[in-house]
Structure formats: C-alpha cells, structure tokens
Amino acid sequence: MNDNGPRSVQFGVFDNSAAPTGGSTSSIDLLRNVPLEVKAELGRAQRLVQDILRLNVGSVIDLNKEAGDPVDLIVNNKMIARGEVVEIDGRYGVRITEIVR
C-alpha cells in the first residue's frame with residue numbers, strides 16, 4: 001500500500017561560509033546585479049480581435065492618454081514612476097518627474 005500522506009522533511013543548517021567575503025556586504029548589495037524588466041508605457045487600448053486583424057501600415061490605435069500626458073515607468077509589472085519622453089542623440093528615454101509609492 002502506498003502512503004501519500006504528509007512526510008517529515010529535514011533541512012540542513014544554513015552555513016554562512018558561502019557568503020561573499022572581503023569587507024562588509026549589506027543585504028542590498030547582493031541584489032544590485034539582479035536584472036529587472038523596465039518598460040515605459042505610453043498608454044493602453046482594448047480592441048476586438050477583428051479590429052486587430054484589420055490593422056495595417058498607417059493604422060492608428062487610440063490610447064487611453066492624451067498627447068503630452070506623462071508615460072508610466074513599469075518595473076517587473078509594477079508602476080514605480082511617471083515621466084516625460086525625451087530624445088537624446090536619436091534615442092528615446094524617459095525623464096522621471098514623479099515617483100509613485
């Protein structure tokens with residue numbers, strides 16, 4: 001008979017010897033090199049599949065924001081700031097104007 005009930009599990013003791021050495025390291029230092037997905041969202045729209053299938057070059061999709069409204073800066077799917085679109089040397093960026101808490 002196979003018993004699929006709860007089983008006792010034992011975990012080893014955490015050994016801090018694997019931690020980085022060479023000076024004091026704060027907890028945040030361990031996270032500094034973790035990659036995050038950063039997006040600048042101009043706006044959103046909801047459309048039917050039939051409307052999406054009709055899109056072609058030159059089509060316009062109305063977004064839920066007005067021209068000149070701030071863009072949302074989203075990190076790992078959470079809005080953290082708002083800002084304005086800027087152009088520097090032919091590339092676009094966002095100048096942060098407000099931190100959202």
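Reader: In what order do the elements of the protein chain run from the N terminus on?
Author: This is a predicted model: local features need pLDDT of at least 70, side-chain atom pairs count only at pLDDT 80 or more, and totals for chains, interfaces and linings use all residues. Residues are numbered from 1 along each chain as its sequence is written, and side-chain values use heavy atoms, with hydrogens and water left out. The chain has 1 helix and 4 strands, which are DSSP runs numbered from the N terminus (helices H or I, at least four residues; strands E, at least two). From the N terminus on, the elements run β-α-β-β-β.

Reader: Which strands are the edge strands of the sheet?
Author: The 4 strands form an open sheet with antiparallel pairing, in the order β1-β2-β3-β4. Two strands pair if DSSP finds at least two bridges between them. Each edge strand pairs on one side only, and these strands are β1 (38-41) and β4 (91-99).

Reader: How many bridges join β3 and β4?
Author: Start at the other end of the sheet: β1 and β2 run antiparallel and are joined by 4 bridges. β2 and β3 (residues 78-88) also pair in the antiparallel sense, over 5 bridges. For β3 and β4, again antiparallel, the count of bridges is 8.

Reader: Which residue of β3 stands opposite Ile-74?
Author: Ile-74 sits in strand β2. In β3, the residue opposite Ile-74 is Met-79.

Reader: Which residue of β4 stands opposite Arg-82?
Author: Follow the row from Asp-72, whose bridge partner in β3 is Arg-82. Arg-82 in turn stands opposite a residue of β4, Glu-98.

Reader: How many of the residues of β2 are buried?
Author: Buried means under 20% relative accessible area, exposed over 50%, partly exposed in between (1.4 Å probe, protein chains only). Of the 101 residues of the protein chain, 10% count as buried. β2 is mostly covered, with a buried count of 5 of 5.

Reader: Which residues of β2 point the other way from Val-71, Leu-73 and Val-75?
Author: In a regular strand the side chains alternate between the two faces of the sheet. Val-71, Leu-73 and Val-75 point one way from β2, and they are buried. Pointing the other way, and also buried, are Asp-72 and Ile-74.

Reader: How far apart in space are Ile-74 and Glu-37, C-alpha to C-alpha?
Author: Ile-74 counts as buried, because its relative accessibility is 9%. Ile-74 and Glu-37 are 37 residues apart in sequence. In space, C-alpha to C-alpha, they are apart by 8.1 Å.

Reader: With which side chain does the side chain of Glu-41 make a polar contact?
Author: Glu-41 lies in strand β1. At 19% relative accessibility, Glu-41 is under the limit, so it counts as buried. A polar contact is a pair of N or O atoms within 3.5 Å; within protein, one must be able to donate a hydrogen and the other to accept it, and residues adjacent in sequence count only if both atoms are side-chain atoms. At 2.8 Å, the contact partner of Glu-41 is the side chain of Arg-44.

Reader: Is Asn-77 buried or exposed?
Author: Asn-77 is in the loop between β2 and β3, and its phi is positive, near 65°. At 64% relative accessibility, Asn-77 counts as exposed.

Reader: What is the phi of Asp-89 in the turn of the hairpin of β3 and β4?
Author: Most residues other than glycine have a negative phi. Asp-89 lies in the loop between β3 and β4 and counts as exposed because its relative accessibility is 77%. The hairpin has 2 residues between its strands, and Asp-89 has a positive phi of about 50°.

Reader: What is the relative accessible area of Leu-55?
Author: Leu-55 lies in the loop between α1 (49-53) and β2 (71-75). A nonpolar surface patch of about 690 Å² includes Leu-55, along with Leu-42, Ile-52, Ile-61, Leu-63, Val-85 and Tyr-92. Leu-55 is partly exposed, because its relative accessible area is 37%.

Definitions and conventions:
Patches are made of residues with over 30% relative accessible area and no salt bridge: like charges are joined within 9 Å, nonpolar side chains (Val, Leu, Ile, Met, Phe, Trp, Tyr) within 5 Å. Accessible areas come from the Shrake-Rupley method with a 1.4 Å probe; for residues, only the protein chains shown count as cover. A salt bridge is a side-chain nitrogen of Lys or Arg within 4 Å of a carboxyl oxygen of Asp or Glu.
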